[in-house]
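Please look over the model below. A brief report on its fold and helix packing follows.

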Amino acid sequence: MNTTPEQSGEGRRRRRLHSDEFKANAVASCMQPGISMAAVAMANGINANLLRRWVQSAEMRPGSVVPDAPPAPKRQGANTPTAFVPMQLPAKAAAADIRIELRRGNTSISMTWPIDAASECAAWVRELLR
């Protein structure tokens, strides 16, 4: 097991203890190009601030070499493993209009706004939702 909760007879929640191997694997995962610390933290079930502290600590150690990242850990109960896949987005968005479709019961409203009138569209939606 990677983490161990401290036991308490009072029923209070205590800090979990993480093994050095678990910490090293999490830190190594963060060193991959294009990987966010938040995604690594979520995949490992830890807080992103804790992971950030582990990464800073590893970087501060003199002569520390961060190993290559291991394969992404599998979360318990997950049917399919998840992974970050970087994508290149087009330089200019293809959408030229804002399209809104609202349905309430049998009534349906479809609106199309020019993208350069986005503030007027937002004002209309705010007024409609009052």
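## Basis

This is a predicted model: local features need pLDDT of at least 70, side-chain atom pairs count only at pLDDT 80 or more, and totals for chains, interfaces and linings use all residues. Residues are numbered from 1 along each chain as its sequence is written, and side-chain values use heavy atoms, without hydrogens and water.

## Overall fold

Four helices and four strands make up the secondary structure. Helices (H or I, at least four residues) and strands (E, at least two) are DSSP runs, numbered from the N terminus. Their order along the sequence is β-β-α-α-α-β-β-α.

Of the 130 residues, 16% are buried (under 20% relative accessible area, 1.4 Å probe, protein chains only).

## Helices α1 and α2

Two packed helices are described by the angle between their axes and the distance between the axes. Here, α1 spans residues 20–30 and α2 residues 37–44. Their axes come within 9 Å and cross at roughly 145°. Axes are lines fitted to C-alpha atoms over the stretch in contact, with angles from 0 to 180 degrees between N-to-C directions.

From α1, F22, A26, S29 and C30 meet M37, V40 and N44 of α2. Contact means heavy atoms within 4.5 Å. By class, this contact has five nonpolar, two polar and no charged residues. Ala, Val, Met, Phe and Cys are among those counted as nonpolar.

## Residue A48

A48 belongs to helix α3, residues 48–60. A48 is partly exposed, at 23% relative accessible area (partly exposed lies between buried and exposed, the latter over 50%). Leaving out residues up to four places away in sequence, A48 touches A38 and A41.
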